[in-house]
Amino acid sequence: MLRQRFVLDTTALTDSMAWESEGATDICEGMNAILDRISQGRLHLGISCYIPYPSVYNEIKDFARHNSCDSRILGKVDTWLVKKTPDRYKVKVPSKIFYEYVDYMRSRINKGMNISEEAVWESVSRCIALSESKGDLREMRDEIEREVVGSIIRKFREKYRAALRYGILDSAPDIDVLLLAKELDAAVVSQDLGIQRWAEQLGLRFMESRSFPIMIKEYMNALPELFTEEREEDRMI
């Protein structure tokens, strides 16, 4: 059977859909279940799972601690996930990818700017409407801050976050995942849309976090059959 390598993003362990498929009811139980599934893949299937060190490793540790997870989970992280720093000097990325990323970021920044302008115009028009209907704006400061500015800022944050974070690489761990997968010729496991988009651009194999434990489970269910096929091939040689 072909031995496989995977590079895991933090979401490979923390995505709710991933650990719910294992029957877990909370994040700590979910991380523990996924790590147990990874251990089965390592012991019985020869699957190797890597995480960039220290970036993704520290993210996973911080996530476990912030959720008050048992120390045994961190022990399983150290045991079953191979920690490796990507070789940022030797991994080659085509210049076309860099060009496309800059162009893509420019379009996202422009979209963010348009959302900002819309928020400014909306706040001004609503303040004008209030002044025409109720008089002196200085006497309505609390109402403006609560009803106008507060609601516009909340809406602006949602739209701005969606515009600038959808499909982009917004952290060093994201880039480390792609570089390490490129270096190892490994598949990427993540639920992050930015990582997915640029994994495709780099020609990397990609798997959603929620599908990863299911895949290992399917391999394990087929294990007796696989061993039977290997023994038959051995007899034919």
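These are my notebook entries on a predicted model.

I began with strand 4, which covers residues 187-190. I checked both of its faces. A187 and V189 are buried on one side, and V188 and S190 are buried on the other.

I then looked up the pairing partners. Strand 1, residues 5-8, runs parallel to strand 4 and is joined to it by three bridges. Within that pairing, I find L8 opposite V189. Strand 5, residues 206-208, also pairs with strand 4 in the parallel sense, over three bridges. Here the bridge partner of V188 is F206.

Next I followed the chain from strand 4 to strand 5. Helix 9, residues 193-201, makes a β-α-β unit with these two strands, and I noted its hand as right-handed.

I looked at S211, which sits in the loop between strand 5 and helix 10, the latter being residues 212-221. S211 has a relative accessible area of 31% and is partly exposed. I compared its position with that of S21. The two C-alpha atoms are separated by 8.8 Å, although S211 and S21 are 190 residues apart along the chain.

**Disulfide**

How many disulfides does the structure hold? I find one. It joins C28 to C69, with an S to S distance of 2.1 Å. The angle about the S-S bond is -85 degrees, and I recorded the link of C28 and C69 as left-handed. C28 belongs to helix 3 (residues 27-45), while C69 is in the loop between helix 4 (55-66) and helix 5 (71-80), so the pair links parts of the chain 41 residues apart.

Are the two cysteines buried or exposed? C28 is buried at a relative accessible area of 15%, and C69 is buried at 14%. Both fall under the 20% limit, and therefore count as buried. I also looked up C49, which is buried with a relative accessible area of 1%.

**Salt bridges**

My search of the whole structure gave 10 salt bridges.

D36 is partly exposed, with a relative accessible area of 30%.

Another entry is E183 with K84, with the closest N and O atoms 2.7 Å apart. E183 is in helix 8, residues 172-184, and K84 is in strand 3, residues 81-84; the pair links parts of the chain 99 residues apart. I get 31% relative accessibility for E183, which is partly exposed. K84 is partly exposed too, with a relative accessible area of 25%.

The remaining entry is D176 with R88, the closest N and O atoms being 3.0 Å apart. D176 lies in helix 8 and R88 in the loop between strand 3 and helix 6, so the pair ties together parts 88 residues apart in sequence. I checked the exposure of each partner. D176 is buried, with a relative accessible area of 3%, whereas R88 is partly exposed at 46%.

**Surface patch**

I looked for nonpolar side chains on the surface. V120, V124 and I128 form a nonpolar patch there, with about 230 Å² of accessible area together. V120 lies in helix 6, residues 95-134. Its relative accessible area is 49%, and V120 is partly exposed.

**Backbone geometry**

I kept the backbone for the end. Most residues other than glycine have a negative phi, and most peptide bonds are trans.

Which residues does a cis peptide bond join? I find Y53 and P54, with omega about 5 degrees. P54 lies in the loop between strand 2 (48-52) and helix 4.

I also noted positive phi values. S68 has a phi near 55 degrees, and S68 is not a glycine. S68 is in the loop between helix 4 and helix 5. It counts as exposed, at 64% relative accessibility.

D185 also has a positive phi, near 55 degrees, in a residue other than glycine. I located D185 in the loop between helix 8 and strand 4. At 60% relative accessibility, D185 counts as exposed.

Note on methods: Residues are numbered from 1 along each chain as its sequence is written. This is a predicted model: local features need pLDDT of at least 70, side-chain atom pairs count only at pLDDT 80 or more; totals for chains, interfaces and linings use all residues. Side-chain values use heavy atoms; hydrogens and water are left out. Buried means under 20% relative accessible area, exposed over 50%, partly exposed in between (1.4 Å probe, protein chains only). Helices (H or I, at least four residues) and strands (E, at least two) are DSSP runs, numbered from the N terminus. Two strands pair if DSSP finds at least two bridges between them. A crossover is right-handed if, with the strands pointing away from the viewer, the path from the first strand over the helix to the second runs clockwise. A disulfide is a pair of cysteine sulfur atoms within 2.5 Å. Patches are made of residues with over 30% relative accessible area and no salt bridge: like charges are joined within 9 Å, nonpolar side chains (Val, Leu, Ile, Met, Phe, Trp, Tyr) within 5 Å. Accessible areas come from the Shrake-Rupley method with a 1.4 Å probe; for residues, only the protein chains shown count as cover. A salt bridge is a side-chain nitrogen of Lys or Arg within 4 Å of a carboxyl oxygen of Asp or Glu.
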